[in-house]
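Subject: Two-chain model, handover and notes

Hello,

Please find the structure below, followed by notes on what was found in it. Keep it open while you read.

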Amino acid sequence: MAWTKNVLRVNLEAGTCTTEPLNMQWAQDYLGQRGLATKYLVAETDPKVDPLSPKNKMIFVTGPLTGTMAATGGRYSVVTKGPLTGAIACSNSGGYFGAELKFAGWDMVIFEGASPKPVYLLIIDGQAELLDASHLWGKTVWETEEIIKKLHQDPQIRVASIGRAGENGVLYAGIVNDLHRAAGRSGVGAVMGSKNLKAVAVRGTRTDAYKLANPEAFFAATEAGKKVLAANGVTGQGLPTYGTQVLMNVINELGALPTRNHRDVQFEGAMAIGGEAMHEKRPTDGKANLVTNGACFGCTIACGRISRMDPNHFSVKDKPQYHGASGGVEYEAAWALGAANGVSDLEALTYANFLCNEDGFDPISFGATVGAAMELYDLGILTKEQIGFELPFGSTEGMVKLAELTAKGEGFGKEIGLGSKRLCAKYGKPELSMTVKGQEFPAYDGRGLQGMGLAYATSNRGACHLRGYMVSPEVLGIPVKMEPQATEGKPAMLKAFQDLTAVVDSSGLCLFTTFAWGLADIQPQIQAACEGDWSEDRLLLIGERIWNMEREFNLAAGLTCKDDNLPPRLMKEPAKTGPQKGAVSKLDIMLPEYYQVRGWTTEGVPTPETRTRLGV
Amino acid sequence: MRISLKLFASLAVHLPAELRSRHQQELEVAPGLTVLEVIQGQGIPPGQCAIVLVDGVWVAPLERATRMLAEGEVLAIWPPVAGG
């Protein structure tokens with residue numbers, strides 16, 4: 001069995017850590033990670049709970065392939081009810097923390113209640129204890145990790161922590177592990193902060209933490225999988241060399257790069273902030289922004305970006321702590337910090353991204369919220385006096401200043417930290433918030449890519465590209481090419497993507513493997529690791545079950561089909577330029593068909609037959 | 001006639017050195033030239049051309065030998081890449 005079969009339950013109010021056996025029937029029905037933790041959350045939590053109240057629970061969870069030899073088998077997730085959306089929140093991270101948790105002998109850690117004072121959880125193999133974190137409160141993620149490692153005299157302790165953003169209630173605060181890998185979206189860090197939990201530190205040395213069902217078959221299956229990744233042009237060459245950032249120019253040429261709060265769909269500065277630009281030597285110091293690529297535990301792709309800034313850039317000139325190499329911008333961050341605001345200074349984007357890592361907040365939601373603030377400023381609704389400085393579109397200084405203020409919870413950064421939905425509503429322009437269910441869009445325009453628009457509208461955690469990545473068929477031709485403006489077949493394709501993604505997110509593997517792997521490559525690895533019959537059909541049924549379980553949670557939380565929508569700008573304001581010129585979202589055509597292929601009523605509720613079939 | 005050729009990521013090496021950072025070259029080509037003929041004429045391995053767009057519109061592999069370019073069109077090409 002690739003599960004450790006152990007659950008650590010931490011009651012923060014009572015200060016207790018107890019062990020309980022993993023519910024193996026649920027493991028059979030929901031696999032692990034995203035699916036399994038969501039099952040626990042649904043079973044134990046009132047869907048109407050205030051996300052930032054002690055009654056909300058938060059679960060750190062691994063998958064059966066986490067900490068194994070499977071390529072990319074290092075993922076873990078944080079599952080809770082999200083404060084940004086009021087919907088289910090599941091945020092996935094790489095790095096080395098997840099594997100370490102598995103090596104310590106735990107499938108998941110369930111946090112309940114809230115601590116009366118700041119604490120951190122220390123796990124050394126089978127021992128767990130809550131320790132005073134008053135000396136860590138107010139520290140950044142980077143400081144916290146260093147202090148904990150020094151304090152316990154062990155550089156191999158892995159730390160997942162919140163920065164000041166999580167402490168200050170930034171609604172899109174994330175949890176950062178290994179300095180720059182993050183469970184970044186949906187505000188899981190704000191939930192952690194509300195519980196007065198600063199960090200989870202773990203050291204795992206057990207060699208008997210889990211047992212593979214069939215080690216010989218597992219080695220063969222994972223070896224075969226690695227060969228597929230190495231031979232594939234995307235996972236073997238494209239992603240390692242250029243990272244996700246290579247998409248910047250692709251999406252811009254396609255006319256689907258949201259720019260200046262989605263006013264435009266092409267950005268004149270795209271070339272300056274894309275993956276290629278990170279390789280080019282700067283005229284200022286003759287060095288490239290990109291130092292090298294980086295890999296998470298067990299990963300043979302290594303898409304991560306490690307960057308070093310120009311030390312003379314205005315943002316870091318007198319701040320040597322930012323002169324070293326650290327996590328560079330990925331595509332989503334570069335888009336949100338750049339194109340979404342009209343900012344084309346790669347060094348400034350890198351600095352803001354460093355701040356997001358250092359103090360733990362989501363660069364997508366932050367950058368998109370700055371874009372909304374810039375539009376409010378452009379319209380004269382927000383003024384220099386209210387913000388504290390001028391904030392026109394394209395203001396590098398303004399974006400940088402807001403990143404600093406949001407990280408520290410000061411000035412206008414407090415308003416930016418609440419996200420664009422609340423910002424735009426406060427200033428009387430709710431229609432200018434580029435969000436679904438309160439979460440900001442990532443880097444693809446739902447007018448330019450019709451399937452992505454549907455994916456955003458129906459994502460269970462609010463606007464998200466990682467729940468059904470329709471960019472693959474609509475842009476990359478993986479597994480088949482679909483025209484960006486077509487609607488035919490998109491609802492069924494999206495359902496298949498969503499269900500498969502739920503399986504991958506529940507396995508311990510990284511979603512990026514699916515640029516090369518199909519379910520036929522993944523299934524043998526799960527089959528060899530986990531006892532029982534894990535056919536492709538059964539795995540897809542599990543994926544569909546997870547999707548519907550998340551949907552049921554959201555419905556019980558009070559969301560309805562009216563929340564499966566897009567902002568009026570995407571429905572009514574045509575794309576102004578490029579090959580998608582004139583396009584608006586055709587969500588009204590696709591959504592009814594999507595409900596139908598999902599086996600839901602016209603109101604978006606799973607029918608009794610669907611519930612029975614899935615056992616939800 | 002004039003067209004613009006944009007080569008990104010590892011394909012930029014097929015541009016003159018002084019143009020690589022701009023990723024773009026203006027070409028004077030014979031009318032009626034196809035996408036595939038431009039690719040071959042520039043010494044770009046056709047098998048490396050994963051994403052091929054003309055004015056932002058996808059040109060499928062089987063269409064590249066017949067899709068003729070017109071004055072002022074922009075041909076943009078990437079090797080196998082992806083993101084998220």
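A crossing of two helices is called left-handed if the near helix is turned anticlockwise from the far one by less than a right angle, and right-handed if clockwise. That term is needed for the helix pairs below. Please bear in mind that the model is predicted.

Helix pair α7(A) and α22(A)

In chain A, helix α7 (residues 215–231) passes helix α22 (residues 519–529) in a left-handed crossing. Their axes come within 8 Å and cross at roughly 160 degrees. Angles over 145 degrees count as roughly antiparallel, and α7(A) and α22(A) are therefore roughly antiparallel to each other. On the α7(A) side the contact uses A:Ala217, A:Phe218, A:Ala221, A:Thr222, A:Gly225 and A:Val228. These meet A:Asp521, A:Pro524, A:Gln525, A:Ala528 and A:Ala529 of α22(A). Sorted by class, this contact has seven nonpolar, three polar and one charged residues.

Helix pair α19(A) and α25(A)

Which way does α19(A) cross α25(A), left-handed or right-handed? The crossing is right-handed. Helix α19 (residues 450–458) and helix α25 (residues 587–598), both of chain A, have axes that come within 10 Å and cross at roughly 60 degrees. That angle makes α19(A) oblique to α25(A). From α19(A), the residues in the contact are A:Gln450, A:Gly453, A:Leu454, A:Ala457 and A:Thr458. From α25(A), they are A:Leu587, A:Met590, A:Leu591 and A:Tyr594. The contact of α19(A) with α25(A) has six nonpolar and three polar residues, and no charged ones.

Helix α12(A) and its surroundings

Helix α12 (residues 331–339) of chain A is mostly covered, with nine of its nine residues buried. Among them are A:Tyr331, A:Glu332, A:Trp335 and A:Leu337. What do the buried residues of α12(A) pack against? They pack against α9, α10 (270–273), α13 (346–359), α14 (363–378) and α16 (396–408) of chain A.

One of these neighbours, α14(A), can be described in more detail. The axes of α12(A) and α14(A) come within 7 Å and cross at roughly 20 degrees. Angles under 35 degrees count as roughly parallel, so α12(A) and α14(A) are roughly parallel to each other. Their crossing is left-handed. A:Glu332, A:Ala333, A:Ala336 and A:Leu337 of α12(A) meet A:Pro363, A:Ile364, A:Phe366, A:Gly367 and A:Ala368 of α14(A). The residues of this contact divide into seven nonpolar, one polar and one charged.

Chain A overall

Chain A has 26 helices and 17 strands. Its radius of gyration is 22 Å, close to the 25 Å that the globule rule gives for 616 residues, so chain A is as compact as a globular protein of that length. Along the principal axes, its C-alpha atoms fill a box of roughly 60 × 55 × 45 Å. Buried residues account for 63% of the 616 residues in chain A. Of the contacts in chain A between residues at least 6 apart in sequence, 70% join residues at least 24 apart.

A:Leu151 and A:Gly74 are 77 residues apart in sequence, and their C-alpha atoms are 26 Å apart in space.

Chain B overall

Chain B has one helix and five strands, and along the sequence they follow the pattern β-β-α-β-β-β. A compact globule of 84 residues would have a radius of gyration near 12 Å, and the 12 Å of chain B agrees with that. The C-alpha trace of chain B spans about 35 × 30 × 20 Å along its principal axes. Buried residues make up 32% of the 84 residues in chain B. Of the contacts in chain B between residues at least 6 apart in sequence, 64% join residues at least 24 apart.

Where the chains meet

How many residues does the contact take from chain A and from chain B? It takes 29 residues from chain A and 22 residues from chain B. On the side of chain A that touches chain B, α8 (233–242) and α9 (247–254) each supply at least two residues. α8(A) gives the most to that side, with seven residues. By class, the residues on the side of chain A that touches chain B divide into 15 nonpolar, 10 polar and four charged.

Regards

Technical notes
Residues are numbered from 1 along each chain as its sequence is written. Chains are lettered from A and ligands numbered from 1 in the order in which they are written. This is a predicted model: local features need pLDDT of at least 70, side-chain atom pairs count only at pLDDT 80 or more; totals for chains, interfaces and linings use all residues. Two residues are in contact if their C-beta atoms, placed from the backbone, lie within 7 Å. Helices (H or I, at least four residues) and strands (E, at least two) are DSSP runs, numbered from the N terminus. Ala, Val, Leu, Ile, Met, Phe, Trp, Tyr, Cys and Pro count as nonpolar, Asp, Glu, Lys and Arg as charged, and the others, Gly among them, as polar. The radius of gyration is taken over C-alpha atoms; the globule rule is 2.2 Å times the number of residues to the power 0.38. A residue is buried if 20 or more other C-beta atoms lie within 10 Å of its own, exposed if 12 or fewer, and partly exposed in between; C-beta atoms are placed from the backbone. Axes are lines fitted to C-alpha atoms, for helices over the stretch in contact, and angles run from 0 to 180 degrees between N-to-C directions. Angles under 35 degrees count as roughly parallel, over 145 as roughly antiparallel, 65 to 115 as roughly perpendicular and the rest as oblique.
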